[in-house]
Amino acid sequence: MSTVLFGTVTTSDESQHRVVIKLKLRDEKMRIQFKIDFQFHNEITMYERIIPFLFECHRSMAGVGNWPTFARFFYGRNKCGEFFERDLIVLENVNPLGFRLSEDRPFLDYDHLVIALQALAKFHGLSYTAKYKDPDRFQKIIMDIRDTQFDLDGQWLFKNNALSRFGKRGVDQLLERSGDLYRDNEHLRRLNMLIDDGENSLRRALVPREPFSVMCHGDFNRNNVLFRYDEAGHPVDVLLFDFGTPRYGSPALDLSFFFYMNTTQNLRESQWDDLLNAYCLTLAASVPAGVRVPNKAELNFEMATYTYYGFAHASFFLPHQLESNDLKNEEMDDEEMLEWFLQLGGDVGSGLVADIVQHIVDMEYTYL
């Protein structure tokens with residue numbers, strides 16, 4: 001959703017900084033459809049105001065340490081309008097510090113999953129600490145985040161009943177391969193109701209409910225996580241980046257999207273509880289005594305209620321990750337773009353979405 005440049009900035013005192021510079025897309029249709037101006041606003045707000053406030057609350061109660069790693073923020077400009085080409089975000093290039101993307105695509109192995117979930121738990125823990133320390137200022141500061149899911153007319157970013165059609169791709173495939181097992185399943189029926197009312201279901205999933213809502217990353221998946229490795233090649237640290245689509249809501253928004261974008265069906269079936277436990281244990285350890293965080297049973301309820309968010313986005317984005325060709329948006333109308341997305345990944349993509357449907361039904365995550 002942006003043009004990215006890498007370089008070195010030399011300041012007036014002759015110090016040098018390795019940087020990443022993000023620029024807005026030149027394609028006006030893409031900028032409008034994906035609300036790039038809002039994404040720049042959100043990312044600058046996160047780095048300039050929200051993350052420093054979260055750290056301030058954490059330091060005042062728990063001392064230094066036990067927080068996630070972020071790149072250093074140098075500068076942001078988001079004037080929009082006729083001068084949009086001058087808008088930019090300048091961040092530290094953390095590659096010289098040893099951080100890089102995982103080579104696995106699109107799925108992560110257990111070690112990468114655990115350390116990423118631990119970083120996410122520490123990030124979410126900052127919100128619980130801030131809500132405890134200064135709830136009024138916390139609520140005020142997060143109000144500046146702008147919605148990137150729906151346009152000014154209240155429609156989702158893809159038109160023509162896209163959410164329902166993306167979801168049905170997985171349901172149809174599951175019934176084709178395992179209809180005898182799932183055709184009369186109550187939770188498949190419930191999921192179908194959520195899919196049929198796709199945009200309203202997503203709106204309900206985005207409504208924050210207390211006491212467990214947090215500042216979510218909003219796009220937490222392997223594309224937006226950098227890992228640092230030891231000499232043996234094991235991941236030892238995680239850096240979160242790309243804060244263009246944050247929102248205040250259930251931690252299950254981040255968790256469900258991360259799981260369904262980055263875990264295989266076999267891993268979900270064998271180690272789901274272990275992964276949730278890793279998140280819960282780190283979350284509890286990341287906040288000071290007296291700060292309320294969800295326990296495992298409460299987190300399971302959050303997952304049962306809000307997992308539709310992760311499914312809705314993974315249903316189109318996961319098949320997209322199987323393809324190397326880019327969307328040529330300027331050459332397509334809304335229906336052509338939707339058909340393009342529905343064909344991505346072919347039978348393999350349909351099977352992966354069906355795997356997610358099967359997991360949601362088996363776990364009974366249909367209580368939105």
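Biologist: Where does Lys-35 lie, and why does Lys-35 count as buried?
Modeller: In this predicted model, Lys-35 is placed in the loop between α1 and α2. Its relative accessibility is 14%, and buried means under 20%, so Lys-35 counts as buried.

Biologist: What is the phi of Lys-35?
Modeller: Lys-35 has a positive phi, about 50°, although it is not a glycine.

Biologist: Which residues of the lining are the closest to the centre of the second largest pocket?
Modeller: That pocket holds about 420 Å³ of space. It is lined by 21 residues, and those closest to its centre are Arg-31, Ile-32, Gln-33, Lys-35 and Asp-151. Helices α1 (28-33) and α2 (36-62) each supply at least two residues of the lining, and α1 gives the most, with five.

Biologist: Arg-31 also meets an aromatic ring; what makes its charged end count as sitting over the ring of Phe-84?
Modeller: The charged end of Arg-31 is 3.5 Å from the centre of the Phe-84 ring. The distance limit is 6 Å, with a further condition that the charge be within 35 degrees of the ring normal; the charged end of Arg-31 is accordingly said to sit over that ring. The charged end of Lys-24 likewise sits over the ring of Phe-40, 5.3 Å from its centre.

Biologist: Why is the aromatic pair of Phe-123 and Phe-243 called tilted?
Modeller: The search of the whole structure finds 28 aromatic pairs. In the pair of Phe-123 and Phe-243, the separation is 5.8 Å centre to centre and the angle between the planes is 55°. Centres within 6.5 Å make a pair, and since stacked applies under 30 degrees and edge-to-face over 60, the rest are tilted; the 55° of this pair therefore makes it tilted.

Biologist: What makes this pair a tie between parts apart in sequence?
Modeller: Phe-123 belongs to helix α3 (residues 110-133), whereas Phe-243 is in the loop between β9 (235-240) and β10 (247-249), so the pair ties together parts that are 120 residues apart in sequence. Both Phe-123 and Phe-243 are buried.

Biologist: How do you know whether Tyr-308 and Phe-311 are stacked, tilted or edge-to-face?
Modeller: Their ring centres are 6.2 Å apart and their planes stand at 55°, so this pair is tilted. Both residues lie in helix α10, three residues apart, about one turn of the helix. Tyr-308 is buried at 4% relative accessibility, and Phe-311 is buried at 1%.

Biologist: Which residues do ring pairs link into a cluster?
Modeller: The cluster consists of Phe-34, Trp-156, Phe-158, Phe-166, Phe-257, Phe-316, Phe-317, Trp-340 and Phe-341.

Biologist: How do you know where on helix α7 its buried residues fall?
Modeller: In α7 (residues 198-205), the buried residues are Gly-198, Ser-201, Leu-202 and Ala-205. Seen down the axis, they fall within an arc of 100°, so they line one face of the helix. Among the elements covering them are α5 (162-182), α6 (186-196), α8 (251-262) and α10 (296-321).

Biologist: What puts the buried residues of α4 on the same side?
Modeller: Phe-138, Ile-141 and Ile-142 are the buried residues of α4 (residues 135-142). They cover an arc of only 90° around the axis, which puts them on the same side of α4. Asp-136 and Lys-140, on the other side, are exposed.

Biologist: Why does Gln-321 count as buried, and which residues is Gln-321 in contact with?
Modeller: Gln-321, in helix α10, has 7% relative accessibility and so counts as buried. Leaving aside neighbours within four places in sequence, Gln-321 is in contact with Arg-105, Pro-106, Arg-222, Asn-223 and Met-261.

Biologist: What is the omega of the peptide bond from Arg-105 to Pro-106?
Modeller: That bond is cis, with omega near -5°, and Pro-106 lies in the loop between β6 (99-100) and α3. The bond from Glu-210 to Pro-211 is also cis, with omega near 15°; Pro-211 is in the loop between α7 and β7.

Conventions. Residues are numbered from 1 along each chain as its sequence is written. This is a predicted model: local features need pLDDT of at least 70, side-chain atom pairs count only at pLDDT 80 or more; totals for chains, interfaces and linings use all residues. Side-chain values use heavy atoms; hydrogens and water are left out. Buried means under 20% relative accessible area, exposed over 50%, partly exposed in between (1.4 Å probe, protein chains only). Helices (H or I, at least four residues) and strands (E, at least two) are DSSP runs, numbered from the N terminus. The arc is that of the directions from the helix axis to the C-beta atoms. Contact means heavy atoms within 4.5 Å. Rings of Phe, Tyr and Trp (its six-membered ring) pair if their centres lie within 6.5 Å; planes under 30 degrees apart count as stacked, over 60 as edge-to-face and the rest as tilted. On a 1 Å grid over the protein atoms alone, a cavity is a set of points where a 1.4 Å probe fits but cannot get out, and a pocket is an open set with protein on both sides within 12 Å along at least five of seven lines; lining residues have an atom within 4 Å of a point. Grid points are joined across faces, edges and corners, and a volume is the space filled by probe spheres set on the points.
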